[in-house]
Amino acid sequence: MKYIPEPFKIKMVEPIRITTEQERREKIAQAHYNGFSLRAEDVYIDLQTDSGTGAMSDSQWAAMLRGDESYSGGRSYYQLLDNARDIFGYEWIQPVHQGRAAEKVLFPVLIEERGQFVISNTFFDTTRAHVALAGGHPIDCVCPEGLDSGLDAPFKGDMDLEALERHIDERGAENIAGIVMTITNNSVGGQPVSMANMKATAAIAKRHGLPVVIDAARFAENAFFIKEREAGYAEVSTRDITREFFSYADIFTMSAKKDAITNMGGLLGVREEGEHVPDVKSLVISGEGYVTYGGLSGRDLAALAVGLVEGLDEDYLRYRVGQVAYLAARLDEYGIPYQRPAGGHAVFVDAGRLLPHIPWHQYPGHALAVELYVEAGIRSCDIGSFLMDRDPETGEQQQAPLEFTRLAIPRRTYTQAHLDVIAEALGHIQARADQVKGYEIIWEPKVLRHFTAKLRPVD
Ligand SMILES: *Cc1c(COP(=O)(O)O)cnc(C)c1O
C-alpha cells in the first residue's frame, strides 16, 4: 500500500503500562469480562472510542493557556465564532458541553413546533434518544448498500432517497420535524455521505418545506472522502467541500470530541437566525450556561476554535483516513474479515465470520473484544447482539444483523507500530480461533446493558 506520511512529531509522551497475559486474565475476570469495567491504566492500546481521546496539538494547548474565562462575551468565544462562521457559513454558532447537549436543546423545539417524525440516514444512539425523549419518532433510512458488510461501495452512508420520499408521503410533511443527515454515518461503520446525496436530500426537504439538520461529528473525514471518491471534487479543498455541504442544510449539531479534536465540547449552528432560535437559546441558558460559553470553560472554547481548523488540514486528514486504511490492509494480510471499505474512524471486524462456532446469543463480537484484551491489552467493544438490549415488550434477546468488534482509532494518538501490534494480535487469535469461548450474561440492567453487564465464559 502507498506510503502515508504522519504530519507531526512527538513533543510530549504519556507512558502506557505493559502488562503480562496473566495479569490481564486476572483484570478482565475481576471486571466480570466487561471492558467498560477495566481501569484504563490496565489497558495498553485503547480502541474503545475515538471520542474525546485524541491528542491536542501544541497550538491547541497554547490557545488553552490564553483562554478567556469571562462569564459573557469572552475573547475565546469570539475566536470560536469567527472560525466556525468562516468554515460553515452559518450565522448563529452556539457552544455546548458535547454533541448530545446540542441535540437536547434542538429536538424538543423542532418537534414541538413542527411534528413528531424525524428521518435520518441513520441516527446515532444519543440523537435517537433525544428525538424519543422529546416525544418524537426517529426513522432510519440508509441506502441498502450500507447494510451489506461485504460490499465495497464509496458512499455507504447515503440516505435512501426513494424511501425518504415514501416516508414523507406516508406520514405527511406536516407531521415531520425535520431530516437529519449524519456525517460520517457512524452507526453503519463511519461510512461517508456523498455531496450528490446531500444535495438531493436537501431538494426533497425543500419541496416539502422541511428543515435539514446535519449531525456533523465527523464532518472533516466526510469532506475528505468526498475529495477522494466523488467525481469533480479531487481539486476542491476540504474547506470548500465543507462549505458547500453545509450550504444544503439549515442547522447542525456537532460533537467536537471527534473531528474538532478536543477532549470535550460541542456546537450547534443555525444558518439564519430564525423563529426557533429564541426558544433554543432559552434551553441553552437554563441547561448549559450563558450563550457565550454554553457549559464550557473559556480554555475549552479556545482549544475548539483551533481544533476546527486543524481537523480540516488535508495532510492530517490523509494521514487520519490513511491510518484506518493501513490497519485494514494489515488485516487483509491475515485474511481477517471486516466491514468494507474501512470507515473514517474505525475498523469493524466481522467477529461473526471470524468466530463462526460461537452462536449470536453468546456474543462473538464481545468474545473477540475480551480475547484481544487478553492477547495484547487492546480494549475494543462489541457492536453486535451484546450491544442490543432485550425486546422491551417480551424481554427476549434480540439478534443484531451483524456481529462486529469495533476498533475505533483515536486521533493523532497511536503510531503505526501500535497498529501493527493490533493486526498481529488479531492474527494470533485467528490462528486459535476455534478455542475462543462465547459468553453468557450473569447480571444485566434493564437498558444500555453493555456498559455495566457482568458476564462469564461459557464452557
Ligand atoms: C459522538 C456522536 C454524537 C454525540 O456526541 P457526544 O459528544 O458524545 O455527546 C452524536 N452524533 C454522532 C454521529 C456521534 O458520533
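Predicted model: local features only at pLDDT ≥ 70, side-chain atom pairs only at ≥ 80, totals over all residues.
Figure 1. When the shell is sorted by class, 7 residues are polar, 6 are charged and 2 are nonpolar.

**Figure 2. A closer look at the ligand and its neighbours.** There are 15 residues around the ligand, and those that come nearest are R100, D215, R218, S255 and K258. Start with the side chain of R100: one of its N or O atoms lies 2.6 Å from an oxygen atom of the ligand. Next, find K258, where the distance from a side-chain N or O atom to a ligand oxygen atom is 2.8 Å. The side chain of N186 also has an N or O atom facing this comparison, at 3.0 Å from an oxygen atom of the ligand. How much of the ligand's exposed area does the protein bury? Taken alone, the ligand exposes 380 Å², and the protein buries 98% of that.

**Figure 3. Helices α8 and α12 packed against each other.** For α8 (residues 219-229) and α12 (residues 314-334), the angle is about 90° and the axes are 10 Å apart. The two helices are therefore roughly perpendicular to each other. On the α8 side, the contact is made by A220, E221, F224, F225, K227 and E228. Their partners on α12 are E314, L317, R318, R320 and V321. By class, this contact of α8 with α12 has 6 charged and 5 nonpolar residues, with no polar ones.

**Figure 4. Helices α1 and α14 crossing.** Here the axes of α1 (residues 21-30) and α14 (residues 364-376) come within 7 Å and cross at roughly 145°. Which residues make the contact? From α1 they are E21, R24, R25, K27 and I28, while α14 brings in V370, Y373, V374, E375 and A376. Sorted by class, the contact of α1 with α14 has 5 nonpolar and 5 charged residues, and no polar residues.

Figure 5. Let us begin with T184, which sits in the loop between β5 (176-182) and α7 (195-207). The peptide bond leading from I183 to T184 is cis, and its omega is near -25°. Now move to P341, in the loop between α12 and β9 (346-350). Is the peptide bond that joins R340 and P341 cis or trans? This bond is cis, with omega about -15°. The last stop is H32, found in the loop between α1 and β1 (45-46). Although H32 is not a glycine, it has a positive phi of about 50°.

Conventions:
Residues numbered from 1 in each chain as written. Heavy atoms only, no water. Near = heavy atom within 4 Å. Polar contact = N/O pair within 3.5 Å; in protein donor to acceptor, adjacent residues only side chain to side chain. Areas by Shrake-Rupley, 256 points an atom, 1.4 Å probe, with all protein chains shown as cover. Nonpolar A, V, L, I, M, F, W, Y, C, P; charged D, E, K, R; others polar. Axes fitted to C-alpha atoms, helices over the stretch in contact; angles between N-to-C directions. Helix = DSSP H or I, 4+ residues; strand = E, 2+ residues; numbered from the N terminus. Parallel < 35°, antiparallel > 145°, perpendicular 65-115°, else oblique. Contact = heavy atoms within 4.5 Å.
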